[in-house]
Amino acid sequence: MDRDDLSTSEQKKGYSRREMLKMTALAGGGIALGASGLGTALELFGNTGAADAAKTATVPFFGSHQAGITTAHQSYGYLAAFDIDPSIHDVAKIMALFISWTRLSATLTQGKREANSSNKELPPNDTNEARDLGAANLTITFGLGHSFFIKGGKDRFGLANQMPKQLTAMPKIAHETLDPAISNGDICVQVCADIQQVAFHALRNLIKEALGTANIRWMESGFLNGPKGKTPRNLFGFKDGTANVTDPESQNEVVWTGSDEPKWMRGGSYLGYRKIKMIIETWDRDSYSDQEQVFGRKKDSGAAFGRKHEHEPVIMSKQPADSHVRLAHGTGKKIFRRAYSYTNGIQAATGNLDAGLLFIAYQNKPQDSFIPMLRVLGKSDALNEYTDHVATGLFAVPAGIKKNDYFAQHLFE
Amino acid sequence: MKHQKKIVFLLVMALLLLPVITACGSAQKSGSEKTAQSTSDPVKQGTTKMKQLNSKLQDALKKNDVAAIKKYGKQINTQWLSYENGVRDRFPLQYAKIERYQQPIYAQSNLADPDVAQMKENSDALTGQLSDLLTAKETKSKPSKQMNQAVDDYLSYADEQIDMLVKTTKPFVKAVKDGDVEKAKELYTLPRIYYERAEPIAESFGDLDPAIDARINDVDDVSKWTGFHEIERALWEKNSLKGQGKYADKLMADVLSLQKEAQSFKLTPKAMVAGAMELLEEAATSKITGEEERYSHTDLVDLQANVDGSKAVYQAAIPALNNGHKDLANAIDKQFQAFDKQMLKYKKSDTNYEDYTKLSKEQIREISNELSKLSKLMAQTAKIF
């Protein structure tokens with residue numbers, strides 16, 4: 001990527017491109033500055049051999065939509081939230097961070113990495129653990145939380161008039177035990193790849209880059225594997241995501257935002273997040289037939305009650321009154337699910353497993369789909385006996401980043 | 001540390017920096033003699049105001065007028081911040097000296113109960129430094145000389161800390177040997193400050209650092225555990241000094257050996273900068289977690305001392321940073337200020353900060369975050385090499 005073409009709009013809001021680049025250099029903490037600006041030295045990962053496809057597969061970073069949403073579901077995912085550092089009051093510093101993040105993301109997703117300084121007394125720019133692993137379909141997806149715009153009732157950076165139409169703080173939902181420390185946040189970053197180490201490496205370097213402007217608030221990691229081309233299963237053992245919309249036309253209807261949003265937000269989406277702890281041991285002691293009653297689907301085939309095959313339409317009259325499928329289906333709302341399972345050792349107090357689902361859903365109208373659905377399920381889902389929602393978040397995911405632009409550029413300029 | 005590489009290193013560095021010097025052209029006549037003489041010179045003006053405010057502070061100190069002491073202590077700081085960048089650019093050697101006296105004055109003036117005697121000492125010293133600055137010549141020495149000067153400056157700082165360590169360990173050791181638990185508790189923290197500031201020096205003498213400063217989890221055989229923390233445990237966990245006499249004697253002997261070793265200690269510029277990073281890393285790993293002072297919970301005192309010690313390195317390196325890294329120096333300077341300001345929330349006196357166990361998770365995270373920001377910037381000081 002030619003860094004000189006970044007940030008073409010000069011002098012907006014009183015920040016010259018030069019100042020911005022200077023700040024980027026500072027924020028970047030040691031990215032080599034070329035004579036003409038940010039001539040970041042890049043290095044290809046060494047792997048060009050005929051190694052397995054996962055090692056070389058890349059997903060384009062730039063495009064009309066952000067990658068990592070309708071992109072084929074990778075095996076590993078990290079979801080992290082950042083808060084803007086309390087010392088930052090100047091929007092130019094945030095722009096500088098988004099420029100650095102864009103540069104870094106465009107680099108890493110293409111299987112490249114930043115070169116180190118020739119001065120060996122300096123810390124390395126790249127942390128090196130993903131060397132020779134390739135891009136492994138790495139995607140990096142950025143979003144902004146409600147608190148990015150308004151915090152404590154204040155318009156933090158003079159951007160509140162650009163607030164996405166459907167972005168709110170998450171309302172209270174029945175049946176949740178939220179931990180604020182692992183919920184919400186000013187910015188969210190979803191990092192996915194088919195090699196966990198590649199995904200972690202990317203997020204780690206984003207965190208390192210951001211420190212001082214945006215600081216990591218929480219980080220979750222998950223995994224999800226399914227047979228090729230088939231719906232993967234969650235830790236309850238059921239297929240998860242059967243009803244997902246897969247054709248581009250339906251995705252336009254369900255996932256991507258349209259002309260009712262501020263310009264910078266069109267062609268984006270909203271990331272709805274719930275960390276759903278599963279009461280695994282209790283579930284494992286429940287009878288097979290009750291488990292199917294709870295879901296409203298056959299455990300093996302994924303078929304709805306009264307059906308033989310997974311993708312046959314749900315017959316509402318055959319559904320138990322409080323089954324998960326009946327309630328979710330009954331709302332008539334559609335969302336695009338992109339969840340990951342998680343495990344985190346055992347719970348010290350009980351010796352039970354700490355495991356569950358990082359429920360991630362993308363939709364263009366969360367206030368009309370994601371949130372109403374949560375409300376209905378929170379009140380009466382039969383699954384609630386086996387779950388506890390422990391974290392939450394809603395983030396506006398802006399449109400895709402065009403080549404030579406940077407993340408959320410049109411929010412600022 | 002790696003003194004043997006010093007000469008080679010200095011040569012290499014001089015070569016590397018040569019283009020920078022030639023680029024500066026005629027300004028590079030060694031010691032080109034410009035002072036802040038003209039009355040319109042902002043450094044001259046700023047320093048004159050500083051002197052006026054400092055003499056008002058001295059009057060207030062004489063009268064023991066706490067309100068006025070705090071007022072002028074703060075005003076001096078505001079005045080200093082208003083023109084310090086110019087001083088740092090042109091008179092980096094004097095800059096570091098002024099900061100050394102001005103900053104404790106400011107810190108004290110923020111406390112409910114300022115230490116008047118200490119402020120007097122610092123205020124007197126500040127007067128002398130300000131007068132020196134008015135007649136000082138702009139620092140234009142060669143980079144190689146600058147780095148030697150930086151190391152010398154830092155070593156004299158470290159020597160002072162170690163001398164103070166010896167001086168303040170003596171009464172502590174006496175109280176321990178007298179079996180006076182309360183007095184020993186009271187005297188425990190002060191030598192800790194001096195030790196933590198100069199720790200990278202102590203760490204270069206093999207067994208001395210563990211003998212003086214090991215925590216219980218650092219040793220494999222607790223019966224051979226010695227030093228400050230062994231006595232700390234006796235004081236706060238056992239509340240008894242029974243059998244501690246031998247540990248007190250050993251501590252005193254070790255601290256004296258440290259002082260002796262330090263007198264002939266040589267340091268390379270790289271090792272000096274690495275030492276600053278070690279201090280911040282210490283602060284970020286064992287102090288911020290409450291592991292260092294696990295019985296007395298005085299971790300914040302040590303944490304501040306580590307940061308002070310790394311600041312001394314930064315200050316010594318300013319002349320070198322001024323060669324092309326002024327933005328970095330500026331950012332580091334701001335972050336030290338932000339860090340110290342945040343610590344004031346927990347500071348009651350130099351030796352008395354909030355008990356670590358009384359801090360909320362959010363407060364600890366906030367301190368940790370400021371420390372990380374500082375550490376990230378300080379790691380970039382290696383750009384001078």
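Tutor: Start with chain B. The C-alpha centres of its domain 1 and domain 2 lie 26 Å apart. This is a predicted model, where local features need pLDDT of at least 70, side-chain atom pairs count only at pLDDT 80 or more, and totals for chains, interfaces and linings use all residues. Residues are numbered from 1 along each chain as its sequence is written, with chains lettered from A and ligands numbered from 1 in the order written.

Student: What are the bounds of domain 1 and domain 2 of chain B?

Tutor: Domain 1 covers 37-140 and domain 2 covers 143-385. Such bounds come from an automatic or database domain assignment.

Student: How many residues of domain 1 of chain B are in contact with domain 2 of chain B?

Tutor: 13 residues of domain 1 of chain B are in contact with 14 residues of domain 2. Contact means that the C-beta atoms, placed from the backbone, lie within 7 Å. On the domain 1 side, α4(B) gives the largest share, six residues.

Student: Why is B:Ala338 called partly exposed?

Tutor: Count its neighbours. B:Ala338 has 15 C-beta neighbours inside 10 Å. Buried needs 20 or more other C-beta atoms within 10 Å, exposed needs 12 or fewer, and partly exposed is in between, with C-beta atoms placed from the backbone. So B:Ala338 counts as partly exposed.

Student: Where is B:Ala338, and what is it in contact with?

Tutor: B:Ala338 is in helix α14 (residues 326-344) of chain B. Helices are DSSP runs (H or I, at least four residues), as are strands (E, at least two), numbered from the N terminus. Leaving aside neighbours within four places in sequence, B:Ala338 is in contact with A:Ser87 and B:Glu370.

Student: What makes A:His175 worth a look?

Tutor: Its phi is positive, about 60 degrees, although A:His175 is not a glycine. Most residues other than glycine have a negative phi. A:His175 lies in the loop between β6 (154-155) and β7 (187-193) of chain A. It has 16 other C-beta atoms within 10 Å, so A:His175 is partly exposed.

Student: Which class does B:His297 fall in, buried, exposed or partly exposed?

Tutor: B:His297 has 18 other C-beta atoms within 10 Å, so it is partly exposed. B:His297 also has a positive phi of about 60 degrees.

Student: What is the average pLDDT of chain A?

Tutor: Chain A averages 88, and 87% of its residues score at least 70. pLDDT is the predictor's confidence in each residue, from 0 to 100. Over residues 21-41 of chain A, the pLDDT is below 50. Where pLDDT is low, the predicted coordinates should not be read in detail.

How values were computed
Two residues are in contact if their C-beta atoms, placed from the backbone, lie within 7 Å.
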